[in-house]
Amino acid sequence: MNILYISPEIAPFAKTGGLADVLSALPRAMAQRGHRVALAMPLYRCVRQGGSALEPTDNVVQVPLGARVVRGRWWRSTLPQCDIPIYFLEHAEFYERDDPASGAGLYQYRLPQGKMADYADNCSRFIFFSRAVLEGLGGLAFWPDVIHVNDWQTGLIPVYVKKIYGPRWSSPMPKTVLTIHNLAYQGLFWHWDMPLTGLDWSLFNWRELEFYGKINFLKAGIVFADMVTTVSQRYAEEIQTPEFGCGLEGVLREHRGKLVGILNGVDYSQWDPRHDPNLPCHYDEETVVAGKAECRRALHQRWNWPYRPRTPLIVMISRLVEQKGLDLVQQTAEEILRWDLQWAILGTGEPTYHQFLRQLQHHFPDRFRVALEFNEPLAHLLEAAGDIFLMPSRFEPSGLNQLYSLRYGTVPVVRQVGGLADTITDCTPTTLADGSATGFCFREYTADAMLQALRRALWTFRDHPDIWRQLQRNGMRQDFSWARSAAAYESIYQRLLNTTL
Ligand code: ADP
């Protein structure tokens with residue numbers, strides 16, 4: 001099959017979260033299965049400055065955007081260490097404004113008081129991107145059988161394929177797949193942006209593009225894509241309920257016949273303590289205790305932070321937003337830090353959490369450490385150095401860090417939602433006996449429930465080292481590689497293409 005992946009971010013070129021990791025790993029896995037694959041994303045400033053060799057192509061597109069016609073050029077590179085083509089859409093004004101030092105991100109920028117705000121022209125930026133892919137399709141590596149789009153930024157593509165471009169093309173209309181990586185971000189814009197989309201006003205109705213008086217890009221994708229996937233089975237069920245549906249539960253229930261959950265995989269070439277270049281030493285199941293101790297010493301040395309051997313280290317690596325359970329952390333931190341442990345957090349996000357965590361570090365300098373930055377090598381070192389990985393998410397579409405933790409022998413303490421529920425098995429006498437126990441889970445989104453799970457973990461760590469070793473072993477043996485997820489995507493694409501025969 002010829003498959004084109006379209007995403008607002010792809011690692012290592014640009015990354016704000018798990019979406020970028022998925023878009024780097026899934027296409028490789030599909031190529032390994034013998035399919036022809038290409039990718040497309042915007043040419044952000046971080047791409048231009050990222051050091052990858054970029055070549056301009058002569059694929060220049062003219063895209064109608066309201067009353068204007070906007071020009072863009074496609075550039076070309078390849079995914080690192082392979083020959084999979086990746087195309088970048090150049091439009092300096094739209095895409096080359098990101099600058100972490102001044103708080104300018106890919107979709108948002110920092111206001112003077114520290115809060116993040118969406119760029120006012122996000123609607124134009126991603127309409128332009130979506131249409132430019134389809135305008136330039138003939139000049140890319142191949143004509144796709146499947147166009148696989150990701151998240152709200154690309155949600156209009158299935159609409160454009162069906163309503164504008166498909167009927168014009170002489171080649172067969174590609175099938176479209178939309179993956180929802182996080183339903184909380186939907187791309188909502190006021191109705192007067194409808195003319196910018198170039199779509200007919202008749203689509204602005206509650207069964208198609210409209211959502212309570214606004215245009216909703218993600219909803220448009222859900223309605224018009226031939227298939228909709230999300231990143232775990234549990235999340236696929238949860239989002240059909242009011243608690244997790246973010247207002248789209250009704251639309252998702254209506255379209256549940258084409259909704260499938262496929263768990264994200266892990267790129268073990270990047271995330272495995274047996275060969276991770278970011279670690280001071282390598283370790284496996286047999287050498288996990290010594291290996292983790294050495295990584296922990298390196299962490300403390302790097303931070304000049306007192307190392308208290310035999311004291312468990314809790315780690316978190318996370319966007320610092322409510323979704324990730326930061327309000328629970330806020331409610332429980334002082335109590336947790338009274339216990340005999342050390343705790344390290346790596347993350348960036350909302351200013352109130354930055355401030356809170358800085359204060360915590362000020363009050364508990366020996367026990368608590370926070371790094372308010374996006375730092376990939378440090379994320380690897382923390383995974384290796386930690387004993388417990390805490391992930392108390394309010395909701396979690398798939399989650400990658402708990403999967404990395406399993407491989408690094410860092411026992412996850414998680415809330416039983418979404419992908420966390422699908423991947424971590426709570427430690428009980430039964431699950432210990434059958435060898436499936438891999439972590440500690442709690443159900444209710446409350447401080448008490450989280451503290452109880454954390455207490456169980458700390459007690460096991462301190463008083464039952466044999467059980468702890470078993471949990472580590474069970475976790476390290478889990479296989480969440482992309483091969484399994486890629487096979488599931490392949491069967492979806494195949495199903496779609498067969499329906500046209
Ligand atoms: P989400 O996509 O909701 O942010 P995931 O767990 O699916 O959550 O993926 C997050 C990814 O981003 C992981 O690869 C994680 O290691 C990485 N990450 C998050 N915050 C940071 C940070 N501050 N520094 C380095 N990596 C980070």
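Tutor: Helices here are DSSP runs of H or I of at least four residues, strands are runs of E of at least two, and both are numbered from the N terminus. The model is predicted. With that numbering, the largest share of the lining of the second largest pocket, five residues, comes from helix 10. Helix 10 (288-303) and helix 18 (465-476) are the elements that give two or more residues to this lining. The lining has 17 residues, and Val289, Ala293, Arg310, Asp387 and Phe461 lie nearest the centre of the pocket. By class, the lining holds nine nonpolar, three polar and five charged residues. The space in the second largest pocket is about 380 Å³.

Now the ligand. Its shell draws residues from both domain 1 (2-265 + 482-497) and domain 2 (288-476), so the ligand lies between them. Of the 19 residues around the ligand, the nearest are Gly18, Asp21, Arg319, Lys324 and Glu373. Gly18 places a backbone N or O atom 2.6 Å from an oxygen atom of the ligand, and a polar backbone atom of Glu373 is 2.8 Å from a ligand nitrogen atom. Lys15 has a polar side-chain atom 3.1 Å from an oxygen atom of the ligand. The ligand taken alone exposes 560 Å², and the protein buries 94% of that. Strand 15 gives the most to the shell, three residues; among the elements that supply at least two are also helix 1 (18-32) and strand 16 (342-349). Six nonpolar, seven polar and six charged residues make up the shell.

Definitions and conventions: Residues are numbered from 1 along each chain as its sequence is written. This is a predicted model: local features need pLDDT of at least 70, side-chain atom pairs count only at pLDDT 80 or more; totals for chains, interfaces and linings use all residues. Side-chain values use heavy atoms; hydrogens and water are left out. A residue is near a molecule or strand if one of its heavy atoms lies within 4 Å of it. A polar contact is a pair of N or O atoms within 3.5 Å; within protein, one must be able to donate a hydrogen and the other to accept it, and residues adjacent in sequence count only if both atoms are side-chain atoms. Accessible areas come from the Shrake-Rupley method with a 1.4 Å probe; for residues, only the protein chains shown count as cover. Ala, Val, Leu, Ile, Met, Phe, Trp, Tyr, Cys and Pro count as nonpolar, Asp, Glu, Lys and Arg as charged, and the others, Gly among them, as polar. Domain bounds come from an automatic or database domain assignment. On a 1 Å grid over the protein atoms alone, a cavity is a set of points where a 1.4 Å probe fits but cannot get out, and a pocket is an open set with protein on both sides within 12 Å along at least five of seven lines; lining residues have an atom within 4 Å of a point. Grid points are joined across faces, edges and corners, and a volume is the space filled by probe spheres set on the points.
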